[in-house]
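User: I would like to go through the terms used for this structure and see what each one rests on.

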Amino acid sequence: MTRMLYGEAIDYGLGEAMAADPTVVTWGEDVRLIHRQLLARFGPDRVLDTPISEAAFTYAGVGAAMSGLRPVVEVMLVDFLAAAWSAVVNAGSKFNDFSGGKWPVPLVVRARVGGWYTDGGQHEQTLWGQLAAVPGTTVVCPATPDDAAGLMLGAIQHDGFVVFLEHKLLSEQFLDYLGGSSRDTVDFSGLLPAAGASGEVPEPLRPIPFGKARVRRDGSDLALISVGVGVHRCLEAAATLSDEGIDTAVLDLRSIAPLDTAAVADLAAQCGRVVVVDEDYVRGGLSGEIAALLAEAGVPAQFRRVAVETTIPFAPALEQAALPNTQRILAAGRELATL
Amino acid sequence: MTVPVSDGYACSMAKRQAFDPVQAYRTMMRIRLVEEALVKAWAAGYVPGEYHSGIGEEGINAGVVMHLSDEDAMALDHRGTGPLIARGADPLALMLEVMGSEEGMNAGRAGHMHLMDPELHAAADGIVGSSGPLAVGHAIALQRLHPGRVAIAFHGEAAANQGMMMEAYNLAAAWKLPVVFVCKDNRWSITTASADVTGGNLVARAASFGLATAEARGERVDEVYAAAGKLIKRARKGRGPGFLFVTCHRPGGHFEGDPIVRITKDPITQSADLVRELRTGVQGRERGATRDTIRGVSEIVARSSRAMRDWTGVARKDPLRRARKAIPEPTARYIEGTESEAIGRAAATARRKTGSRSAFAPDGDRT
Ligand SMILES: Cc1ncc(C[n+]2csc(CCOP(=O)(O)OP(=O)(O)O)c2C)c(N)n1
Ligand SMILES: [Mg+2]
């Protein structure tokens, strides 16, 4: 076991994959500086800076994956992946199916997601619901360094198309630019889930399979289901609710597609009350999907969702209120407990 | 509310053909003061999130915007403060927005990357490359609704590699739209040198799309004014779109907190840290061939010295220094006095109204 930061753990997973397999390469904007340790280990032929041409370099990832490489294409923020949407919804996710399973696309698209640090409505989205809607796409978002490293290794070894989402609030690099070593006049510590930002990572590293949720806390009265930073907000809320006598469980989905339907259904049946905490939009996404799967599984559970309902505002107080914060989770949990 | 940069500024400048160096200096000075106030406020913790300053672009902003009036439209990138101030935006409302106040020009919903004002017909967008097609759209509407008006797209040299930007060049030419693309070449895209990731020459690229091209040095506002004037005049007359390529500098780095700037400001400690960090990254781990490792490490070292080279001696090319020389000393001092007074007061008010952002906390219980 080694203690690592979240971003460090992702690069550890990527580095292990690059060391084991010379067909693993990575490209994206500024990756040579951002991932300078990988550049130093593997040289400039395997770590490539791109121009700001998301559509071309993401589509190029699909082509390269079809021709024998295992590219990890990095898109700075998932919001910018919208400029390359066709590569995701019309190519990476499709070609394996079009080939009748004869031509897999072992491509990982890596993108940063999420907010809480005041970056406005165009730099803080998660969009995992929309990504997960497309058949042929695996979508993961780790909440802790061990999952971050293991899921990245699994994503690269997987023979299909994977979107690997890393949450910026857990990733040291972004916050370091905006606070930390740049200015000591802002303090993100009140926002930062310590358990997600740093933690033990197993060595040697093993790939983590997709579609396996992780029970972060067991309970019998209420199930909080989430992914990414939401998991940590849920753990905070669960501690408070349990003190109030509501025995609260927390399920970390880890992958949004495929969903661990059995784990969701089992925990919902066990608790009878479910709150989905989703840092993505409320419409057409993960929270509605979970409601549907519970209905289809015939699990009778009281259900609430805490998700993003507006364009994310810039001003800090407005932003925090728009995101699934702990107060909103507590309110939903308490309401269900009275039913 | 808009604040004219001088009385009658908005209408008089468009009609006047001759370059007014006093007006240019006042505009540039106001932009610089607002930018400096925001940079200081960022360091002091009053600006939450990122801030991309336009320090170094004042000559471009003033030289282009001095031609605009009435319904002329502007599509801005992530460095939108300068063009908005030049166009007459209220410095206090803008600063409040950047500081995340609900009293800001966009009610706290936007932040610095999405500043917009329908009265000024100007809007910023943080998606690199989108200012091109957005300006094309403004131009289509202007052509029908306000003939003789022009749309300006401000974009960086790195944005010229974005697909939608090149599509916009083509659309503008194919439809002969009244749009001028202003390409600000500071040679960098965050920490990547644009030359390393750009094929060919951008002026030739634009010309090959059928855009009329002109070039200027951004530290010479008069040169920018003249070159922009030619292209804008053509576009107004319905003779088609233009591409203005202007060189400039980015002395503050990509954004406040730019890691490369930290290296260049404190090269000894920062590079020592960098080398140590790279060494631990390499040691004790399986890696590629030694030759690749050496190439990788030298790439990083070369990049920081390139950045250092680019950003030292930038003072000589300060557009304000040049512009000041073109006007009488007492006039310059008068402008500096009145503008510092006004912007200083606005900055103090903005700080008082927002309060420091130091105590970030979830659930909006921040005070
Ligand atoms: C579509 C998209 N990709 C990436 C980014 C991240 N980003 C913001 S500014 C920037 C560099 C822009 O360079 P340039 O256009 O030359 O403008 P400069 O910052 O140099 O003024 C990048 C990559 C973004 N905002 N949007
Ligand atoms: Mg640039």
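Analyst: Contact means heavy atoms within 4.5 Å. By that criterion, 65 residues of chain B are in contact with 52 residues of chain A. This is a predicted model: local features need pLDDT of at least 70, side-chain atom pairs count only at pLDDT 80 or more, and totals for chains, interfaces and linings use all residues. Residues are numbered from 1 along each chain as its sequence is written, chains are lettered from A in the order in which they are written, and side-chain values use heavy atoms, with hydrogens and water left out.

User: Why is the pair B:Glu299 and A:Arg32 called a salt bridge?

Analyst: The term requires a side-chain nitrogen of Lys or Arg within 4 Å of a carboxyl oxygen of Asp or Glu. The closest N and O atoms of B:Glu299 and A:Arg32 are 3.4 Å apart, so the pair qualifies. The count between chain B and chain A is three salt bridges.

User: What makes up the area buried between chain B and chain A?

Analyst: Buried area is the accessible area (1.4 Å probe) that two parts lose on being put together, summed over both. Here the value is about 5,000 Å², and carbon and sulfur atoms give 58% of it.

User: What does "buried" mean for the residues of chain B, and how many of them count?

Analyst: A residue is buried when its relative accessible area is under 20% (1.4 Å probe, protein chains only). Of the 367 residues of chain B, 57% count as buried.

Definitions and conventions: Buried < 20%, exposed > 50% of the residue type's maximum accessible area, 1.4 Å probe, protein only.
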